[in-house]
Amino acid sequence: MFWCAFVVLFLALGNELSHATEVSVNNTENKLCLYANLMVNFSVTYEVGVNKSETVLFVLPENVTTEGSTCNNTTSTLKLGFGDGHSWAVEFTKDNKTYQVDSIVFTYNLNDSSVFPNSTSNETKSVTAEPRITNVGVDTYYSCKSENVQRVESVTQTLYDVTLQAFVTNGSKSDTDTVCAADLTSTTVAPTTTVTTTAAPTSTPTPTLPTPTTGNYSIAPDFNSTACLMATFGLRIGYKQGDKVETINLVPSATEVGGACGVNSSNLILTSDTITVMFTFSNDSKKFHLQALNVTVKQATGAVVVAANTNMSIWAAAVGSSYMCNKEQTLTVTDTLTLYTFKLRVQPFGVEKGEFATAVECFMDSDLSFLVPIAVGVALCFLIVLVLISYLIGRRKSRTGYQSV
């Protein structure tokens, strides 16, 4: 199977891919039998030409239909329809005192040009995922703020901030929840410490994060091939949380690597428990550059920060070479989220024998960077000389005018 080019198109919400969808389904007696309040992001890759594809990112919208949803004693289906022929269906089964999600079926219509522009296919395709939602107590609702990422074929579904209840009894949503394992694992309770002192209290400064560990990441077309995309860097993310700016480091040893290599576009996806970053590189046949960044951060509170920028033109170098910047770089993704890279080196195209090609250095690493303060100093000196000359000329004219009176 060939690896296709990727062009990321962000639809619907501009820079943010977060959207809550809330639905209720009633049974034949007009009583509530299914309830859902959740967020789902979709990433779909589709063909637009010979050995060329595009990737679109979109969300499950607020306004959906529930036609096709069913409620029975031991099986139920929540089917949400949206757009032109798209649907997202969750299949539930019940066994004694618990119920579970057996599968999620996502159906998408490639003939919908508003979502899949330039598609060479008019097919309607479906993918089935198994999201591992099990052992939910009857008369409780399933709650999971953590991300649940499902990758099947060319489709990635990301669920988060999920509230689901099937087999509702008495027509009312339960007040008791069954919390997902991911939320329980990430929940920590700070120990209680009692301190008695007569001195005036002092505030403890926020500890500074250590420099991020440098990670080595690569993508290969298959298990028997060498790398077609290589990257090495340390990564820190800063994001606004109220009036504060929180920072978090990406830990390479706890990060999964994904992505694909294409002719005109390639991407690198890094996923940890709290961070997901997708880098999209563009190739115009002579030079490559970083074109887009899509970042998701799960906060300690369970809330999710999502930001994207699809109009970037940095980390540029000739195709067949690599780009390198050992100094710390600051990349502004949005007004609320910033990336910091350390000891960076990337090559998204033209990798040979699994090794980096000759590097194009960033200006901060180059030998010419020392000229910047010198140039600033020279400019300031020149400005001072101009001001001094203007002052002397003005003073001389004043004296001449006085002597002629």
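**Close-up views of a predicted model**

View 1. Phe106 and Tyr108 are both buried, where buried means under 20% relative accessible area with a 1.4 Å probe and protein chains only. This is a predicted model, in which local features need pLDDT of at least 70 and side-chain atom pairs count only at pLDDT 80 or more, while totals for chains, interfaces and linings use all residues. Residues are numbered from 1 along each chain as its sequence is written, and side-chain values use heavy atoms, with hydrogens and water left out.

**View 2. Tyr46 and Phe116, an edge-to-face pair.** Rings of Phe, Tyr and Trp (its six-membered ring) pair if their centres lie within 6.5 Å; planes under 30 degrees apart count as stacked, over 60 as edge-to-face and the rest as tilted. The model has 16 aromatic pairs by this rule. In one of them, the edge-to-face pair of Tyr46 and Phe116, the centres are 5.2 Å apart and the planes are at 80°. Tyr46 lies in strand E3 (residues 32-49) and Phe116 in the loop between strand E8 (98-109) and strand E9 (124-129), so the pair links parts of the chain 70 residues apart; strands are DSSP runs of at least two residues, numbered from the N terminus. Tyr46 and Phe116 are both buried. The Phe106 and Tyr108 pair is stacked because its ring centres are 5.4 Å apart and its planes are at 25°. One aromatic cluster takes in Phe42, Tyr46, Phe58, Phe82, Phe106, Tyr108 and Phe116.

**View 3. The largest nonpolar core.** A nonpolar core is a set of buried Ala, Val, Leu, Ile, Met, Phe, Trp, Tyr and Cys residues joined through side-chain atoms within 4.5 Å. The largest has 41 residues, and Leu78, Trp88 and Phe92 are among those with the most contacts inside it. Strand E3 gives the most to this core, 9 residues. Contacts of Leu78 (heavy atoms within 4.5 Å) beyond four places in sequence include Val23, Leu34, Trp88 and Leu164.

**View 4. Lys173 over Tyr141.** The charged end of Lys173 sits over the ring of Tyr141, 3.9 Å from the ring centre. The criterion is NZ of Lys or CZ of Arg within 6 Å of the ring centre and within 35 degrees of the ring normal.

View 5. pLDDT, the predictor's confidence in each residue from 0 to 100, stays under 50 over residues 1-18, which have 71 contacts beyond four places in sequence in the model. Where pLDDT is low, the predicted coordinates should not be read in detail.

Conventions
Helices (H or I, at least four residues) and strands (E, at least two) are DSSP runs, numbered from the N terminus. Buried means under 20% relative accessible area, exposed over 50%, partly exposed in between (1.4 Å probe, protein chains only).
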